[in-house]
Amino acid sequence: MAEIQIRNVAKRFGSYQALHDINLTIADQEFMVLLGASGCGKSTLLRIIAGLETQTTGEVWIGGRRIDHLPPKDRGIAMVFQNYAVFPHLTVFENIGFGLRMQKLRNDEVTRRVTRTAELMHIEQLLTRYSGELSGGQRQRVAVARALAMEPDVILMDEPLSNLDALLRLEMRAELKGVLAESNTTAIYVTHDQVEAMSLADRISVMHQGRIVQAASPVEVYRDPAERFVAGFIGNPPMNFLPASNHGNGRWAVADQVFAGPDVSAAALEFAIRPEDLRPADDGLEARVRLVEPLGAHLLLTCDVAGTMFRAILDSDMTVRAGDQLKLAAMPDRIRWFDPDTSLSVPTAA
Amino acid sequence: MNARLLPYVLILPVTLFLCLFFLYPFVLVAAQAFGGSDGLSLDNFRDVVSYWKFPISLKNTMLLAALVVPVQLALALLMATMVNRMKKGRDLVLYIWTIPLGISDLAAGIIWLAIFEQSGFLNSMMTGLGLAEGPVNFLSYQNPGLVFLAIALAEIWRATAIMLVILVAGIGLIPKEYYEAAEVFGASPWQRFLRVTLPMLRPSLQTALILRVVLAFEVFAVVAALGGTLLPVLMGEIYAYQFDLQNGGAAAAMALIVLGISIVFTLIILRVLRVPKGATI
Ligand SMILES: Nc1ncnc2c1ncn2[C@@H]1O[C@H](COP(=O)(O)OP(=O)(O)OP(=O)(O)O)[C@@H](O)[C@H]1O
Ligand SMILES: [Mg+2]
């Protein structure tokens, strides 16, 4: 059992507050992805869990045991470093076996585990090489294999696939997910690639400026962003926003249209809709098309609605040209509302 | 200027300098060493090697190096590791530790002579504390072991810093992430030293060891100050041949022998501490 609890963890570097009061529980065997822009504190949080950085305040628990005072090796973790940290003076074999050697495992056991994890990561033909003779992607796979070989309760991965080409990344992603599910490992996986996050995660924690703004399943993060930041961060392209003013009785004026929305007394809200939840219709938001980008199955339109940039993804059999005037209808159950003051989501069925 | 010629033109002054002040004297020395009454001969070498003091001075030099260099290596590694861990005052400590480096070896020998001689600090201290009846002559022919130890001590004090500065620079170049990875994967501080620091320090260890070993074979002034003629060493013999016996040919032959020993040890160190291809940082 390796449930991870992060309780009120904060971290300051001098006067810079890198993490603010993080609270997060990761269930046993869960695959948790930490997703956020560069510099938001993902690595810092991971390093605190690993014991390579000491939190300023707060506690870390793993498997019902407080571990934040323990050295890294006593925490039952293995880690994949963002910059690999594959030892240059050891062969790939000895790199993967490093932790096993430290545990003083028997030689044949080391060989067995190293060979198996190397096969998983498709690097079995590189075992006798030194890291100076590997590509970035191969080095990264050695780093992952080194962590997997430990068969840890918890595996911490800091952007472990960032250096692979698209095809290999896809393959490794599936492989990794399979291996981890099979081995009953609790995983924390840092990435700033949303597609990777979506495809791997049981749950995603979206981080922003040292805070966790939402921790939920990939679908929920996508469909029901808890904060305007999440809505504007997740999705490619992200959600569209338009200012909405209160029209009374839970009705809101957006551009030249009126929509049913939350029945709250605020004077203004923000209306949000995903580009793919828009349809061309006889009645809808007036949009002037600025740019048409064919994406194969779809067309990505960049339009202008009431002076705001607005994107729509439509079926590619439409014939639209820049300069055209369109009416875009929003799918009613996909519309989301945000409070412009708090940035928080405002539920419709309030 | 022609771009292909420019590099050669630029290294010309230094090449000339080396030819004039290193290669030319070297050739002269070699000529003197191999020179005999009838052209080329090995007579000088035969003479110096068969002289009764040769095996003794060779043995002394080797023993001294064998004692001094490993102790210095261990000390320098320990000191470098400590300095590297320091957050504040690192530069000050390093500066103090390297002070002996700025003292010439003869001066260093005299400093230690002032400690060990019959009216020296050690004797006054021991008499003052009542540990000894009267002054003892440590550095006499009756205590060859003590003379040897005193010389070793002075050498260690004098020349550990040269290894220290090289190793400090080398340790500073090892990226922190390797220590973190080793720590996460269960290496104790001692294991991290053995399995990360030492192997990744190989290039610096090579430099430091070669420099130190070669200098150890050239030990002279400290021995002269502390041991006089009690402990003959190779360099002392060269000096004696050249200036006391006025035998330039023999002195040159001895110098070439020392050079040969230095080259052999340099090659051994390079070989033992070589970094496999592809295994660099
Ligand atoms: N040792 C340190 N000293 C001072 N500031 C630091 C230190 N480590 C990290 N920071 C700062 O803390 C913030 C978070 O850093 P962190 O490495 O956790 O970001 P990240 O989310 O992992 O980014 P990336 O995706 O680029 O790896 C950054 O602004 C960084 O400058
Ligand atoms: Mg990072």
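Q: Given that helices (H or I, at least four residues) and strands (E, at least two) are DSSP runs numbered from the N terminus, which element gives the most to the lining of the largest pocket?

A: This is a predicted model, in which local features need pLDDT of at least 70 and side-chain atom pairs count only at pLDDT 80 or more, while totals for chains, interfaces and linings use all residues. Residues are numbered from 1 along each chain as its sequence is written, chains are lettered from A and ligands numbered from 1 in the order in which they are written, and side-chain values use heavy atoms, with hydrogens and water left out. A pocket is, on a 1 Å grid over the protein atoms alone, an open set of points with protein on both sides within 12 Å along at least five of seven lines, whereas a cavity is a set where a 1.4 Å probe fits but cannot get out; lining residues have an atom within 4 Å of a point. Here α3(B) gives the most to the lining of the largest pocket, namely 7 residues.

Q: How much space lies in the largest pocket, and which residues are the closest to its centre?

A: A volume is the space filled by probe spheres set on the grid points, which are joined across faces, edges and corners, and for the largest pocket this comes to about 570 Å³. Its lining has 20 residues, of which B:T81, B:N84, B:R85, B:Y179 and B:T197 are the closest to the centre. Two or more lining residues come from each of α3, α7 (144–172), α8 and α9 of chain B.

Q: How does the lining of the largest pocket divide by class?

A: With Ala, Val, Leu, Ile, Met, Phe, Trp, Tyr, Cys and Pro counted as nonpolar, Asp, Glu, Lys and Arg as charged, and the others, Gly among them, as polar, the lining holds 11 nonpolar, 4 polar and 5 charged residues.

Q: What lines the second largest pocket?

A: The second largest pocket holds about 290 Å³ and is lined by 17 residues, with B:G228, B:T229, B:G236, B:E237 and B:A240 the closest to its centre. Both α11 (221–227) and α12 (234–244) of chain B supply at least two lining residues, and α12(B) has the largest share, with 6 residues.

Q: What area is buried between chain B and chain A?

A: Buried area is the accessible area (1.4 Å probe) that two parts lose on being put together, summed over both; between chain B and chain A it is about 2,200 Å², with 66% given by carbon and sulfur atoms. Of the area that chain B buries against chain A, B:V184, B:F185 and B:R195 supply 36%, more than any other three residues. The contact (heavy atoms within 4.5 Å) takes 23 residues from chain B and 27 residues from chain A.
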